[in-house]
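Have your viewer ready and let's take a short walk through this model together. At each stop you'll get something to select and a few things to look for.

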Amino acid sequence: MIASFERPNHVFMSIQLHDTLQGRKVPFKPLKKGEVTMYLCGPTVYNYAHIGNARPAVVFDLLARLLRRSYKLTFARNITDVDDKINAASVETGKPIDEITAQFITAYNDDMGALGVLPPDVEPRATQHIAEMIAMIEALIAKGHAYEAEGHVLFDVSSDPEYGALSKRDLREMIAGSRVEVAPYKKAAHDFVLWKPSTPELPGWDSPWGRGRPGWHIECSAMARKHLGETIDIHAGGQDLVFPHHENELAQSSCAHDGAPFARHWLHNGFLSIDHTKMSKSLGNVLLVHDLIKTIPGEVIRLALLSAHYRQPLDWSEETIESARKMLDRLYGAVQGIEVSAADREAAEVPEALIAALEDDLNTPKALAEFFGLARELNKARNDAEKSALAAQMYASGELMGLLGNDPDDWFAGHVKGELSVEDIEALIDKRNAAKSAGDYAKADAIRDQLSKDGITIQDGRDGTSWRRST
Ligand code: AMP
Ligand code: ZN
């Protein structure tokens, strides 16, 4: 028998994704062969993004990276820059709306960039698509799906027999159980706003229904259509958006397009809690990415966000961060000091098992387990050629996952932004020793505990205090 040096046959698994509309995992099939369109509901820009907001950005960035391996992807992530919350922020701070939105668009992109989120292909802004929104609203009125009342235009929910399919709500039950006070201009409680009038001090645009501004849902329908077409392959967002936002987008788009499917696959990420508590302003436990990245490397935050499967809840705590930091120490530890040849770097492939895990509804816990398996193999490798090839595979995997982007030596020396630097650590140790000499043991212990929390173990010896980063 002739020995075969070919790689074992890989059965090319298609990508499987859990679709909220169908309520199950289905094989992913784009409309056009070889091309994919994806739309992710982006931020409303009146404040910094919190760590919960970062979850969809990171998770669907990973999906985009995976899709780009096999398809020509067009990924749109919008900016909602007209919204009542922005108007309220302007009144509260006295800053003009444009200044607020410009500030938080930049901050959002910088903060997500720090988490390794690559820019989308298109970043449409609502205020630049008012004409498209008006055109879509006109089409909905013409087709009998919307009506004008007192300067408002409302979507007539009863005109869409499919309404409720995405969120699995029965409209009749919704009406029966409704305690919503019906605005006088509405025909039915669940009819939602497509357009509303603006007072002179509020942002507004001329329209066939007078000066006004769009409702939130129509913004996404109009922007998705403009940049991706009537039927898009993937529509994504956090699970709180299923109802009403996505249900309403679906109703508007399919009714405006004579029943053409709006999204072939609906994907929703689970929620992030803080220390097992819902994040909320009133509880004062809202963690902003902008602040977190001052002390925690972006890669640690990214890995922490990817450590749970995207549809599962994820709890954010000191342990979540510490465990992600340790995982990265293991990954960087494996590649540290290994010379990767140019040929290996060029030829390196991501292990098939890791790809297969991601292709299975973005199973990141499994993909990370495969990544660690690779690190273990590398730790056991005995010759330089094997080490170089395996390290190259580690870097290729890291590139796909958005991890291992730093130099390993910098990682361990603390030169990665957000890590305590060697200078910081030594300054803290000097402070602790000064406190000890002065007899202030409480302060000395507090500094040691703080260092330990930051992953630094110190040891007092005859020659002074030494330290190491814990793994
Ligand atoms: P918003 O600016 O509130 O529309 O939220 C932007 C994105 O963040 C949406 O996709 C939300 O579903 C998502 N999101 C908001 N809070 C959380 C959370 N605690 N956990 C996960 N995703 C969230
Ligand atoms: Zn949206």
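Start with Arg77, which you'll find in strand β4, residues 72–77. Keep in mind as you look around that this is a predicted model. Is Arg77 buried or exposed? Its relative accessible area is 3%, so Arg77 counts as buried, the cut-off being under 20%.

Now show the side chains of Asn109 and Glu123 as well. The Arg77 side chain makes a polar contact of 3.0 Å with the side chain of Asn109, and another polar contact, at 3.2 Å, links the side chains of Arg77 and Glu123.

Next stop: select ligand 1. You'll see that ligand 1 sits in the largest pocket. Which residues come nearest to it? Out of 13 residues around ligand 1, those are Gly52, Asn53, Gly238, Asp240 and Leu272.

- From an oxygen atom of ligand 1 to a polar backbone atom of Gly238: 3.0 Å.
- From a nitrogen atom of ligand 1 to an N or O atom in the side chain of Asn269: 3.4 Å.
- From a nitrogen atom of ligand 1 to a polar backbone atom of Leu272: 2.8 Å.

Taken alone, ligand 1 exposes 490 Å², and the protein buries 85% of that.

Finally, colour the shell by secondary structure. Both α1 (51–70) and β9 (232–238) supply at least two residues of the shell around ligand 1, with the largest share, three residues, coming from α1. Switch to colouring by residue class, and the shell shows four nonpolar, eight polar and one charged residues.

Key: Residues numbered from 1 in each chain as written. Chains lettered and ligands numbered in written order. Predicted model: local features only at pLDDT ≥ 70, side-chain atom pairs only at ≥ 80, totals over all residues. Heavy atoms only, no water. Near = heavy atom within 4 Å. Polar contact = N/O pair within 3.5 Å; in protein donor to acceptor, adjacent residues only side chain to side chain. Areas by Shrake-Rupley, 256 points an atom, 1.4 Å probe, with all protein chains shown as cover. 1 Å grid on protein atoms, 1.4 Å probe; cavity = no way out; pocket = protein on both sides within 12 Å on 5 of 7 lines; lining within 4 Å. Sits in = over half its atoms within 2 Å of the grid points. Helix = DSSP H or I, 4+ residues; strand = E, 2+ residues; numbered from the N terminus. Nonpolar A, V, L, I, M, F, W, Y, C, P; charged D, E, K, R; others polar. Buried < 20%, exposed > 50% of the residue type's maximum accessible area, 1.4 Å probe, protein only.
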